Amino acid sequence: MSNIFKCDIFGFRDSFYTGWIGNYQYIQWQLIFILSFWALSGGNSQAAQVHQNRSSLLALVSNSTSIDSVLFHHQESQEIKLLEQLNQAPILIAAPENFNPGLRVPPPLPKTPVIKPPETPSPPPALKPGKPTKPVVLEGIQTNFRNDTDNFGQHNLFIEPTFQWRSPNGNKIFLKTGFDFFEQRGVASVSNIPLQIGWQGKIGDITLQTAAGVDFFDRLPTAINFNTKVEIPIVPPKVSSTGKLLSGLILSANLDHSPYKFNALTLDNQITAWRFGPDLYWQINRDTSLFSSLRLGNYNDGNSEIQSFSRLERKLGQFSLAANLFTWSYDRNVETTHGYFSPPDFLVYNAELAWEGDIADFLRCRLSATLGQQRLNGEFDHAYGYQTRCTAKLSPKLEADLDYSFSNVRNQDTGGSGYGGNSLTGQFRVKF
């Protein structure tokens, strides 16, 4: 019986160990299978579920610590590896980097704000090099001189230089100034400084010239001066190879406003005048020309005038023959009150004979004499005069004219007394 009991005890023991070990191995493989299935199932388990499974597993393992360590050495090492894996932070299981740590990518760094550098203004586009602009060039200086005297004590002096510039487009710019002086018996003398700026240009075939300025006086108010001229070629001019005008017809219109610089008394009375009218120049042929002019005038004292002049000239080699006709009439004769010659009816006609030629290589002169009739207030009188003018070419850029003339043609009413007027004029030209 005891043997049977022993056998039963040992049999039970063997069967117990065998069953327990088998159950243990069964539980172990089942656990591994569940974990493998969990890892491969792709479920979306959360971190709390992982910790719950780990607690269950630890409770199960702790119940088996009384079993022989030798028999379960292998199983314990497997459990330790599994516990190390479960002690890691919760992760997303269904991710490639969990199966291959080398595939893990560091978390993206926070995006730092991109600070754009301040925009620098782009440089302006480079200008294409163009043609250099030509400046306005001083072309010449022309100084006019005139000294008029008569046998009744009237004296007028004019010294007026004019500066001329040429612009790149061919237009001309003028600046005129100078000094004028007027004296007369019984009247205080008057000094005058004129200042005028002018321009000349072409619009097609039309030439336009205009100027404006002021006149300053020593003891009189400042006055304004203005003039303009328009030239229209009716028949285009023809010029020879030597520069001589062969033919052409030119019509011009003129407008002028200025103090009437007749004498000191006229200026003292502050007489100003508007004058306007046409000019006609006709080069009939190489040696024949006609010039005609008409002026209508209105004065600030209420007077008005009509003035005309015509000249027909024929050249015969170095000689020339001309016929001149001059008429002048005013509405009122105000000579005694306002000082200027204002005849109601004045007529002059004469013939002129002239010679012009070279005295030397640098000197050219012209001599002329006139003989005719003049009519004043219905009375006729002889009209005569003479003139000499010489031009000296001092250099290719310097020229000078000097002119002296005498005439008994009246510019004032002297009654029964004879009149004689002398005029010395000159011009000095500098070219640049």
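Start by selecting Tyr260, Phe262, Tyr299, Phe326, Trp328, Tyr330, Tyr340, Phe341 and Phe346: together they form one aromatic cluster. Keep in mind as you click around that this is a predicted model.

**Around the cluster**

The arginine lies over the face of the tyrosine ring, 4.8 Å from the ring centre.

Now look at what else the cluster residues do. The largest nonpolar core has 14 residues, and Tyr260, Tyr299, Trp328, Tyr330, Tyr340, Phe341 and Phe346 are the ones with the most contacts inside it.

Which residues does phenylalanine 346 touch, once you leave aside its neighbours within four places in sequence? Show Phe326, Thr327, Trp328, Phe341, Gln374, Arg375, Leu376, Val409 and Arg410 to see them.

There is also a second, separate core, made of nine residues; Phe158, Val190, Phe217 and Leu220 are among them.

**A ring pair**

Searching the whole structure turns up 16 aromatic pairs. For one of them, select phenylalanine 291 and phenylalanine 309: the ring centres are 6.5 Å apart and the planes sit at 50°, so this pair is tilted. Phenylalanine 291 belongs to strand 10 (residues 288-299) and phenylalanine 309 to strand 11 (residues 304-316), so the pair ties together parts 18 residues apart in sequence.

**Over to glutamate 399**

Jump to strand 16 (residues 398-407), where you'll find glutamate 399. Is glutamate 399 buried or exposed? It counts as buried because its relative accessibility is 16%, and the cut-off for buried is under 20%.

Bring up arginine 429 as well: its side chain and that of glutamate 399 are joined by a polar contact of 2.7 Å. Beyond its neighbours within four places in sequence, glutamate 399 is in contact with Ala392, Lys393, Gln427, Phe428, Arg429 and Lys431.

**Zoom out**

Finally, show the whole protein chain as a cartoon. You'll be looking at six helices and 17 strands. The chain has 432 residues, and 29% of them count as buried. As for contacts between residues at least 6 apart in sequence, 47% join residues at least 24 apart.

Note on methods: Residues numbered from 1 in each chain as written. Predicted model: local features only at pLDDT ≥ 70, side-chain atom pairs only at ≥ 80, totals over all residues. Heavy atoms only, no water. Helix = DSSP H or I, 4+ residues; strand = E, 2+ residues; numbered from the N terminus. Buried < 20%, exposed > 50% of the residue type's maximum accessible area, 1.4 Å probe, protein only. Polar contact = N/O pair within 3.5 Å; in protein donor to acceptor, adjacent residues only side chain to side chain. Contact = heavy atoms within 4.5 Å. Phe/Tyr/Trp six-rings, centres within 6.5 Å; stacked < 30°, edge-to-face > 60°. Lys NZ or Arg CZ within 6 Å of the ring centre and 35° of its normal. Core = buried A, V, L, I, M, F, W, Y, C linked by side-chain atoms within 4.5 Å.
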